[in-house]
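Colleague: I have a new model open and want to learn how to read it. Where do I start?

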Amino acid sequence: MAENYLLMLAGMLLVTYIPRVLPLLILTRIEIPEIIIRWLRFIPVAILAALLTPGILIVEGKLMLNYHNVFLLAAVPTFIVGIYKKNIFLTVILGIVSVMIINLFM
Amino acid sequence: MEEENPFFAGVKVSIPILLGYIPIGIAYGLLAVKSGLSSFETVLMSVIVFAGSAQLISVNMIAVGAGMIPIIMMTFLVNLRHILMSASLSLYFKKTSKSLLPILGFLITDESFAVCSASIDKYEDKGMFFLGLGVSAYLGWIISSLFGAILGNILPVSNLPALDFVLPAMFIVLLVMQIQRRLDVFVAIISGLSSLLFVYLLPGKWNIILATIIAATIGVVIEKWLKTTY
């Protein structure tokens with residue numbers, strides 16, 4: 001194995017690990033102002049929405065807002081079951097089954 | 001009622017993540033082997049870096065002959081979004097042993113963060129819960145990439161289109177589980193739309209960072225405005 005490869009992995013570890021660990025180490029030791037806590041409480045909802053939209057609306061690099069987009073179609077029953085059941089595993093399984101069924105008709 | 005062991009409770013909620021890692025791990029392993037890495041080198045990256053999208057991008061860059069510095073810089077840009085997740089999780093780990101924090105930080109990914117935020121409130125020992133969740137996801141990622149590397153050495157290509165929907169489906173249910181009031185829906189819509197817009201304007205995963213910061217800030221401003229008005 002090339003020494004360069006190990007060096008590259010070490011660099012990748014460093015730049016990945018520092019942003020992951022630093023806020024955790026600092027913010028658990030200090031008193032966070034209330035306004036920041038309120039801001040942080042919005043982070044999960046905001047990040048999930050930001051991760052989700054490109055994942056289902058962009059197909060092969062292009063925005064696809066029509067019924068040829070399998071993931072967009074499958075997202076509809078997935079959202080409904082997610083809202084009513086609030087069960088991660090069940091929703092994921094239903095999502096996969098939806099994609100399979102939609103693919104049969106495509 | 002008997003208290004469930006928080007570590008194993010974490011392992012249990014990681015199952016959908018493991019399912020989602022199968023297609024990504026395989027895609028990564030296949031690509032890595034095709035770009036000239038050995039199976040050992042492929043898995044080693046998963047063990048050391050543990051970051052799906054950054055690993056996929058870096059093996060693509062290796063395949064086209066990119067140098068070490070651009071690959072490391074791209075990894076930094078793509079993974080900087082974890083800073084927001086780490087800050088958000090710090091709210092839960094105030095009572096967690098300080099010696100555990102360096103390990104918990106390593107285990108922060110989009111998926112572990114999302115599952116954790118949705119279910120951690122139920123558990124007293126939040127550190128152990130996230131440790132179980134994170135370690136299980138980490139092992140799952142390593143095994144999936146090993147599987148992908150092995151497949152890459154025997155098969156020409158392999159694709160599992162339905163399994164590619166696992167992570168989007170998981171993000172959908174976790175998103176609806178996080179939503180408690182109308183303002184959350186509004187913040188989600190702002191963030192989702194901004195992310196979509198920025199994906200075309202910015203490299204790496206900066207669309208996620210920028211969209212999250214904008215949407216969360218708008219959320220705080222509106223919350224404050226609602227409080228002073230009513």
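Colleague: At what angle do helix H1 of chain A and helix H6 of chain B pack, and how far apart are their axes?

Modeller: Bear in mind that this is a predicted model. For a helix pair, look at the angle and at the spacing of the axes. Here H1 (residues 3-27) of chain A and H6 (residues 82-89) of chain B pack at about 25 degrees. Their axes are 7 Å apart. Angles under 35 degrees count as roughly parallel, so H1(A) is roughly parallel to H6(B).

Colleague: Is the crossing of H1(A) and H6(B) left-handed or right-handed?

Modeller: Right-handed.

Colleague: Which residues of H1(A) and H6(B) meet?

Modeller: From H1(A), take A:Pro19, A:Arg20, A:Val21, A:Pro23, A:Leu24 and A:Leu27. They meet B:His82, B:Ile83, B:Ser86, B:Ala87 and B:Leu89 of H6(B). Sort this contact by class: eight residues are nonpolar, two are polar and one is charged.

Colleague: Now zoom out. How many residues does each chain bring to the contact?

Modeller: In general, the size of an interface is often given as the accessible area lost when the parts come together. Here we have residue counts instead. Chain B brings 75 residues and chain A brings 59. On the chain B side, helix H10 (residues 166-178) gives the most, with 13 residues. That side holds 53 nonpolar, 17 polar and five charged residues.

Colleague: What is chain B built from?

Modeller: Count the elements. Chain B has 12 helices and zero strands. Next, compare its radius of gyration with the globule rule. The value for chain B is 19 Å, close to the 17 Å that the rule gives for 230 residues, so chain B is as compact as a globular protein of that length. Its C-alpha atoms fill a box of roughly 65 × 50 × 35 Å along the principal axes.

Colleague: What share of the residues in chain B is buried?

Modeller: 53% of the 230 residues. Of the chain B contacts with a separation of 6 or more, 76% join residues 24 or more positions apart.

Colleague: Which residues is B:Val33 in contact with, leaving aside neighbours within four places in sequence?

Modeller: B:Ser39, B:Thr42, B:Ala149, B:Gly152 and B:Asn153.

How values were computed:
Residues are numbered from 1 along each chain as its sequence is written. Chains are lettered from A and ligands numbered from 1 in the order in which they are written. This is a predicted model: local features need pLDDT of at least 70, side-chain atom pairs count only at pLDDT 80 or more; totals for chains, interfaces and linings use all residues. Two residues are in contact if their C-beta atoms, placed from the backbone, lie within 7 Å. Helices (H or I, at least four residues) and strands (E, at least two) are DSSP runs, numbered from the N terminus. Ala, Val, Leu, Ile, Met, Phe, Trp, Tyr, Cys and Pro count as nonpolar, Asp, Glu, Lys and Arg as charged, and the others, Gly among them, as polar. Axes are lines fitted to C-alpha atoms, for helices over the stretch in contact, and angles run from 0 to 180 degrees between N-to-C directions. Angles under 35 degrees count as roughly parallel, over 145 as roughly antiparallel, 65 to 115 as roughly perpendicular and the rest as oblique. A crossing is left-handed if the near helix is turned anticlockwise from the far one by less than a right angle, and right-handed if clockwise. The radius of gyration is taken over C-alpha atoms; the globule rule is 2.2 Å times the number of residues to the power 0.38. A residue is buried if 20 or more other C-beta atoms lie within 10 Å of its own, exposed if 12 or fewer, and partly exposed in between; C-beta atoms are placed from the backbone.
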